[in-house]
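Subject: Structure for you to look over

Dear colleague,

Here is the structure I promised to pass on, with the sequence alongside it. Please open it first, and then read the notes below with the model in view.

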Amino acid sequence: MSKRLDELIEEAGKLSMVEKQVLANHLLEEVKQVEDLFKQKNSIAITTKEGEVQRRKQHIQWVKDHQAEYAGKYVALNGYCLVAEGDSYPEVYEAVRKIGIEKPFITQVFAPDSVVFGGW
Amino acid sequence: MSYHLSFSKTLVYDSKKKGITVPISLKLAEQQIFLDAKIDTGASCCIFERRYGEDLGIDIESGIPQRVETATGIFTAYGHDVTISMMDYEFDSTVYFAAQDTFARNVLGRVGWLDRVKLAIIDYDCKLYLSSYNEM
């Protein structure tokens, strides 16, 4: 991914100043939209019970939608937004704690069609 | 070489019950149910009877479908985001509710519970020691 990014930056370097300005504005607008979406999803009132249930449903929906992509990974979610990912609970918990989320939803994603052991 | 661990809480469990049985609660919004669950370090996840999910107002089949294997066969369960509470420790976790209402076990397994606590068991004394991973 970083190689791809390097290539894009190199390509962007060949643009004219006007084109660079257009590209910069476009990217900034896209980032702003993602941030707004994140704020909007976060603003679902956890203080209301309906909001809490809705947020929990979004967590489950996110896992269902991304099972193959994140199989085996631990993920931290806030509504339908991925906040952090990693190979273990402590790794993800630390990442989330640094962001300042007090009570994160963290889970390990099982691969679709996997069979887990249910105990004896 | 010796190793030392410290824990915040301890619980004496009932040796007359099958397995290591502990009191927990499951919570969703305003609904909270209290039940006994068995700690099972071999279980991949936390699995509960269907009726408990329904008591919490959950549409069981809307969850994450998951096939679960036991020594006696394979069954389907559905994952939901629920708060597991035990000895003042609360975690928002994915817990699985069995699709079949004949499944009559309640298990605290790895994902959702064991992966976020520090646990020691001295079965000789029927004593369990517990801390949240996050507080140490």
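Strand 1 of chain A (residues 74-78) is largely enclosed by the rest of the structure, because five of its five residues are buried. A residue is called buried here if 20 or more other C-beta atoms lie within 10 Å of its own, exposed if 12 or fewer, and partly exposed in between, with C-beta atoms placed from the backbone; helices (H or I, at least four residues) and strands (E, at least two) are DSSP runs, numbered from the N terminus.

Before going further, please note that this is a predicted model, in which local features need pLDDT of at least 70 and side-chain atom pairs count only at pLDDT 80 or more, while totals for chains, interfaces and linings use all residues. Residues are numbered from 1 along each chain as its sequence is written, and chains are lettered from A and ligands numbered from 1 in the order in which they are written. The predictor gives the complex an ipTM of 0.91 and a pTM of 0.80, and chain B has an average pLDDT (the predictor's confidence in each residue, from 0 to 100) of 94, with 99% of its residues scoring at least 70.

To return to strand 1 of chain A, A:Tyr74, A:Ala76 and A:Asn78 point one way from it, whereas A:Val75 and A:Leu77 point the other way, and all are buried. In a regular strand the side chains alternate between the two faces of the sheet.

Strand 1 pairs with strand 2 (residues 81-86) of chain A in the antiparallel sense over five bridges, where pairing requires that DSSP finds at least two bridges between two strands. Within this pair A:Tyr74 stands opposite A:Gly86, and the two strands form a hairpin with two residues between them, A:Gly79 in the turn having a positive phi of about 65 degrees. Strand 1 is also joined to strand 3 of chain A, again antiparallel, by four bridges; here A:Ala76 stands opposite A:Ile106 and A:Leu77 opposite A:Phe105.

The three strands form an open sheet in the order 2-1-3 (chain A), with antiparallel pairing. Strand 2 and strand 3 stand at the edges, each with a single partner strand, so one side of each is left without a neighbour in the sheet. The twist averages 25 degrees from one strand to the next, and helix 4 of chain A lies across strand 1, strand 2 and strand 3, running at about 135 degrees to strand 2 (axes are lines fitted to C-alpha atoms, for helices over the stretch in contact, and angles run from 0 to 180 degrees between N-to-C directions).

**The core**

The largest nonpolar core has 51 residues, and those with the most contacts inside it are A:Ala76, A:Val92, B:Cys46, B:Ile47, B:Ile84 and B:Tyr96. Such a core is a set of buried Ala, Val, Leu, Ile, Met, Phe, Trp, Tyr and Cys residues joined through C-beta atoms within 7 Å. Strand 7 (residues 89-98) of chain B gives the largest share of this core, five residues. Leaving aside neighbours within four places in sequence, A:Ala76 is in contact (C-beta atoms, placed from the backbone, within 7 Å) with residues including A:Val83, A:Val92, A:Val96 and A:Ile106.

**Where the chains meet**

In all, 22 residues of chain A are in contact with 32 residues of chain B. On the side of chain A that touches chain B, the largest share, eight residues, comes from helix 3 of chain A, and the residues of that side divide into twelve nonpolar, five polar and five charged. For this division Ala, Val, Leu, Ile, Met, Phe, Trp, Tyr, Cys and Pro count as nonpolar, Asp, Glu, Lys and Arg as charged, and the others, Gly among them, as polar. Strand 4 of chain A and strand 5 (residues 64-70) of chain B run parallel and are joined by three bridges, with A:Val116 standing opposite B:Val68.

**Two residues to check**

A:Asp113, in the loop between strand 3 and strand 4 of chain A, has a positive phi of about 65 degrees although it is not a glycine, and it counts as exposed, with 11 C-beta neighbours inside 10 Å. B:Met87, in the loop between strand 6 (73-86) and strand 7 of chain B, has a positive phi near 50 degrees and is partly exposed, with 17 other C-beta atoms within 10 Å.

With best wishes

Note on methods:
Contact = placed C-beta atoms within 7 Å.
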